[in-house]
Amino acid sequence: MYKVMLVDDEDLEREIMAQTIPWEKVDMELVDMAWNGIEAMDKIRMLLPDIVITDIKMPVMDGIELIRRCQESYPHMMFVVLSGYGEYGYTSKAMELGIRHYILKPCNEETIVEVLLKVGEELTRKKENEVSAKEYQGALERMLPHVKEQILGELITRRQLSRSDEFLLKKFLGERKDEFVLFA
């Protein structure tokens, strides 16, 4: 279940979204709400939500600055912009920050649910890719000592190295492959 935070300076908007979005249906939990970017930053540090749904234009700290700061500290966090401003300047700034989901107000519950389902799928794919990369890295780390031993054994016996072994040797030893001496 993914954790979601709502950030909007309009109390009524926040409350309506909190009450009408079927959070469990989209396999998400609304963990908290904030009325501006500063308040959101404090809560994000404590709660570490997976998804932040934020308005753009808010007092104290706007949504663009909130996204910018969060991306520095929490690069895996996903953002959905929900704004009454469809002006090119706001959309452009959001796109520069890599925001893929920009919903214009007023919108209905179905639109938000559809976007949240897409964001959930993206997060799931990201996590699966991270697991695959970690598994690959783990297998590589387990194999490395054996591969190094085999290549060094072939060097000691002065056999010809295959191209793939030469590539691996360069990778292991860098440019220093010709700078070592073996003593018997």
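This is a predicted model: local features need pLDDT of at least 70, side-chain atom pairs count only at pLDDT 80 or more; totals for chains, interfaces and linings use all residues.
Where is Gly 84 found?

Residues are numbered from 1 along each chain as its sequence is written, and side-chain values use heavy atoms, with hydrogens and water left out.

Gly 84 lies in the loop between strand S4 (78-83) and helix H4 (88-96); helices (H or I, at least four residues) and strands (E, at least two) are DSSP runs numbered from the N terminus. Its relative accessibility is 46%, and Gly 84 therefore counts as partly exposed (buried is under 20% relative accessible area, exposed over 50%, partly exposed in between, with a 1.4 Å probe and protein chains only). Leaving aside residues up to four places away in sequence, Gly 84 touches Asp 55 and Lys 105, where contact means heavy atoms within 4.5 Å.

## Packing of H2 and H3

Helix H2 (residues 37-47) and helix H3 (residues 63-73) have axes that come within 9 Å and cross at roughly 25°. Axes are lines fitted to C-alpha atoms, for helices over the stretch in contact, and angles run from 0 to 180 degrees between N-to-C directions. The contact involves Gly 37, Ile 38, Ala 40, Met 41 and Ile 44 of H2, together with Leu 66, Arg 69 and Cys 70 of H3.

## Cysteines

Cys 70 is buried, at 0% relative accessible area, whereas Cys 107 is partly exposed at 29%. The whole structure contains zero disulfides (pairs of cysteine sulfur atoms within 2.5 Å).
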